[in-house]
Amino acid sequence: MSTQEGEMQLYEHRLDGPLSVRGMRAMFAVAITRPISERARAELFDRWCTGLQRQAAARRIVWMPASGEAYTAAEVPTTRVEAVLLRILEQSPVLPPSPRQPADAQTR
């Protein structure tokens with residue numbers, strides 16, 4: 001992926017398997033087994049993805065879990081990027097909603 005002159009060039013990585021859009025959604029669906037509202041489910045998915053993105057950013061990877069893409073400033077093999085992201089994923093399980101606060105509560 002090229003950028004305009006003067007901007008940093010980013011290299012795009014299209015992710016497969018568990019890091020693809022389908023894989024991320026499947027892992028999330030398996031982790032959240034109790035019934036919750038669609039809004040609460042979307043908020044939990046967003047929170048989980050944001051945490052994953054922060055960890056990837058610390059390793060100089062821009063990761064977009066909901067789209068199955070990642071970007072790096074250096075040209076590295078996609079398999080290497082996927083290995084790093086899989087380690088992050090293994091260390092970042094989806095946490096179910098807290099029993100003290102129902103995930104589908106409308107008040108904050």
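**Exercise 1. Describe the fold of the protein chain.**

Three helices and three strands make up the secondary structure of the protein chain. Helices (H or I, at least four residues) and strands (E, at least two) are DSSP runs, numbered from the N terminus. The model is predicted: local features need pLDDT of at least 70, side-chain atom pairs count only at pLDDT 80 or more, and totals for chains, interfaces and linings use all residues. Residues are numbered from 1 along each chain as its sequence is written, and side-chain values use heavy atoms, leaving out hydrogens and water.

Next, take the order. From the N terminus on, it reads β-α-α-β-β-α.

Then take burial. Of the 108 residues in the protein chain, 32% are buried (under 20% relative accessible area; exposed is over 50%, partly exposed in between; 1.4 Å probe, protein chains only).

**Exercise 2. Which residues of helix 1 are buried, and what covers them?**

Step one: helix 1 spans residues 21–31, and Gly23, Met24 and Phe28 are buried there.

Step two: look down the axis of helix 1. The buried residues fall within an arc of 130 degrees, so they line one face. The arc is that of the directions from the helix axis to the C-beta atoms.

Step three: turn to the face away from the buried side. Arg22 and Val30 are exposed there.

Step four: find the cover. It includes helix 2 (38–57), strand 2 (61–64) and helix 3 (78–90).

**Exercise 3. Is His13 buried or exposed, and what does its side chain touch?**

Start with its place: His13 is in strand 1 (residues 11–14). His13 has a relative accessible area of 3%, so it is buried.

Now the side chain. The side chain of His13 makes a polar contact with that of Thr72, at 2.9 Å. A polar contact is a pair of N or O atoms within 3.5 Å; within protein, one must be able to donate a hydrogen and the other to accept it, and residues adjacent in sequence count only if both atoms are side-chain atoms.

Last, the wider surroundings. Leaving aside neighbours within four places in sequence, His13 is in contact (heavy atoms within 4.5 Å) with residues including Gly68, Tyr71, Val76 and Val81.
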